Amino acid sequence: MNICPKPPNKVAAEDLGQAAAEGQGQRARRNGWSWPLHLFQVTSWLLYLFYALVGFGILVPLLPQPWLLAGYVCPGVCFLYHLIVHLSAVSIDPADANVRAKNYLGPVATFSRGQHTHIIENHHCHVCQVDVSARSKHCGTCNKCVCGFDHHCKWLNNCVGERNYWHFLNSVLSALLGLGLLLLVACYIFAEFFLDPELLRSDLHFDAVKNHSDCWFVFLPAAPLQSQAWPILLTAGIFILLSLTTVILLGHLLAFHIYLMWNKLTTYEYILHQRLQQAGKESEMQLESCPSQLT
């Protein structure tokens, strides 16, 4: 269902709000590894390392022995799968096939409003200088035409289009599942510290310090480091707050894309539709505010 009345053969730069000519003189980007890296992209990798290090190095090893294997395997599979699909979503070049067929990483043409009304006219992009498919849009950030353009993701530092949409969606889903499982583990560990901390001291390393209740270990069993209880509690508390916020945001994002798939829309089409609705409401309000012309 196409709810956007914009003709498909006349398309401006799809940067969701920026001017079409903003990319003048800018070289095209191949994928999410193209320089410069985005701050959100770097943040996502730092968060991944933090969740993996704290989750599998500090929290999961404190689980009682009957739950230990499940604590490693279930979230571990999700984290590994997320790493694979996330790397794929970042590395795949989502550009239109005709754009990928040429050397588009060199200097690009400058778009002139005086010569052409739209960047893409009659399925020809005046910046990429190739014919593109009817479903392609020109991303102003990557400065290239993307087939099945959905949105430009700052967390991937790459466009999400037809070629990498399912990698992006699986990345969101696997991150939500893996982090949700570790969140449950963190909440359990945090609660048991106050209810029955002895349940968390089932590892063999605790046998040597069983008379010292404030002596704990992190990074069990491979590289045990001795620690007090309060740093573990503080780390678990920070982990719970960060992971809960991330899970809520990821859940909202996943629900939004399920809604888009149900309605057969892309993020770009949804935003266009919302803008058209807003413009229609503003026009109606202006008409209502005007006094009636008496004849």
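**Close-up views of a predicted model**

**View 1. Ser91 lies in helix α2, which covers residues 65–91.** Helices here are DSSP runs of H or I with at least four residues, strands are E runs of at least two, and both are numbered from the N terminus. This is a predicted model, where local features need pLDDT of at least 70 and side-chain atom pairs count only at pLDDT 80 or more, while totals for chains, interfaces and linings use all residues. Residues are numbered from 1 along each chain as its sequence is written, and side-chain values use heavy atoms, with hydrogens and water left out. Is Ser91 buried or partly exposed? Ser91 is partly exposed, at a relative accessible area of 34% (buried is under 20%, exposed is over 50%, partly exposed is in between, with a 1.4 Å probe and protein chains only). Its side chain gets to within 2.7 Å of the backbone oxygen of Leu87. Setting aside neighbours within four places in sequence, Ser91 is in contact with Asn31 and Trp33 (contact means heavy atoms within 4.5 Å). Look for Arg30 too: C-alpha to C-alpha, Ser91 and Arg30 are 8.6 Å apart, though 61 residues separate them in sequence.

**View 2. Ser136 sits in strand β5, residues 136–139.** With a relative accessible area of 1%, Ser136 is buried. Which side chains does the side chain of Ser136 make polar contacts with? One is the side chain of Asp96, at 2.6 Å; another is that of Ser133, at 2.9 Å. (A polar contact is a pair of N or O atoms within 3.5 Å; within protein, one must be able to donate a hydrogen and the other to accept it, and residues adjacent in sequence count only if both atoms are side-chain atoms.) Beyond four places in sequence, the residues in contact with Ser136 are Asp96, Ile120, Cys145, Val146, Cys147 and Gly148.

**View 3. Here helix α4 packs with helix α5.** Helix α4 spans residues 165–195 and helix α5 spans residues 229–262; the angle is about 150°, and the axes are 8 Å apart. The residues of this contact split into 28 nonpolar, six polar and no charged. (Axes are lines fitted to C-alpha atoms, for helices over the stretch in contact, with angles from 0 to 180 degrees between N-to-C directions.)

**View 4. This one is the loop between β9 (216–218) and β10 (225–227), which holds Pro221.** The peptide bond from Leu220 to Pro221 is cis, with omega near -5°. Phe219 lies in the loop between β9 and β10 as well, and its phi is near 60°, a positive value in a residue other than glycine. At 26% relative accessibility, Phe219 counts as partly exposed.

**View 5. Another cis peptide bond runs from Trp35 to Pro36.** Its omega is near 5°. Pro36 has its place in the loop between β1 (10–11) and α1 (39–59).

**View 6. Gln129 is in the loop between β3 (124–125) and β4 (130–131).** Its phi is near 60°, which is positive in a residue other than glycine.

**View 7. Stepping back, the chain has six helices and 10 strands.** Of its 295 residues, 44% count as buried. The mean pLDDT (the predictor's confidence in each residue, from 0 to 100) is 87, and 89% of the residues reach 70 or more. Over residues 1–9, pLDDT stays under 50, and residues 14–24 stay under 50 too. Where pLDDT is low, the predicted coordinates should not be read in detail.

Key:
Ala, Val, Leu, Ile, Met, Phe, Trp, Tyr, Cys and Pro count as nonpolar, Asp, Glu, Lys and Arg as charged, and the others, Gly among them, as polar.
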